Amino acid sequence: MAILVNFIWINASEIFRYFAFVMPMMREAFPTLPDVAPMNLPVFMIWGVWDTILVIAATLVPWMALKVFGASPLRAVVYGTGVWLAVFVILWLALYNMNLANLAVLAVALPLAWLELVVASLVVWWFTARNGMDAP
């Protein structure tokens, strides 16, 4: 159930963040770059792969950490933060380092991504606490 709930949550969060903030901010930051932050079928398909990998990582890594190191809401926040650091901070720092993002985009995208992964980790904690640490 945690994977299903996180699939819905993460996809909704990713779509909201992209369309409400990232896409318009990237287009404003790079007006001379043709087709910046596009949304077409190939991009949508790659996004589907990205979201699937993200759901698996955001669910299984916290579940394993909760199982090995102990389960509590605070630890779930820590584990979600760890996945956020490993995925989004590395991604956005690399984009910033290559001049493909600016600080304004990072200031919006990173906190929203952190919230996304912390909520996903708390979902895992909630289901594992209800099910006695069964698999997600």
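Let's start at Met64, which sits in helix α2; helices here are DSSP runs of H or I with at least four residues, numbered from the N terminus. This is a predicted model, in which local features need pLDDT of at least 70 and side-chain atom pairs count only at pLDDT 80 or more, while totals for chains, interfaces and linings use all residues. Residues are numbered from 1 along each chain as its sequence is written, and side-chain values use heavy atoms, leaving out hydrogens and water.

Met64 is partly exposed, with a relative accessible area of 44%; buried means under 20%, exposed over 50%, and partly exposed in between, using a 1.4 Å probe and protein chains only. Together with Ile3, Ile56, Leu60 and Val61, Met64 makes a nonpolar surface patch of about 380 Å². Patch residues have over 30% relative accessible area and no salt bridge, and nonpolar side chains are joined within 5 Å. A salt bridge pairs a Lys or Arg side-chain nitrogen with an Asp or Glu carboxyl oxygen within 4 Å.

Our last stop is Thr128, in helix α4. Thr128 is buried, with a relative accessible area of 3%, and its side chain reaches the backbone oxygen of Trp125 at 2.9 Å.

How values were computed: Helix = DSSP H or I, 4+ residues; strand = E, 2+ residues; numbered from the N terminus. Polar contact = N/O pair within 3.5 Å; in protein donor to acceptor, adjacent residues only side chain to side chain. Patch = residues over 30% accessible without salt bridge, like charges linked within 9 Å, V, L, I, M, F, W, Y side chains within 5 Å. Areas by Shrake-Rupley, 256 points an atom, 1.4 Å probe, with all protein chains shown as cover.
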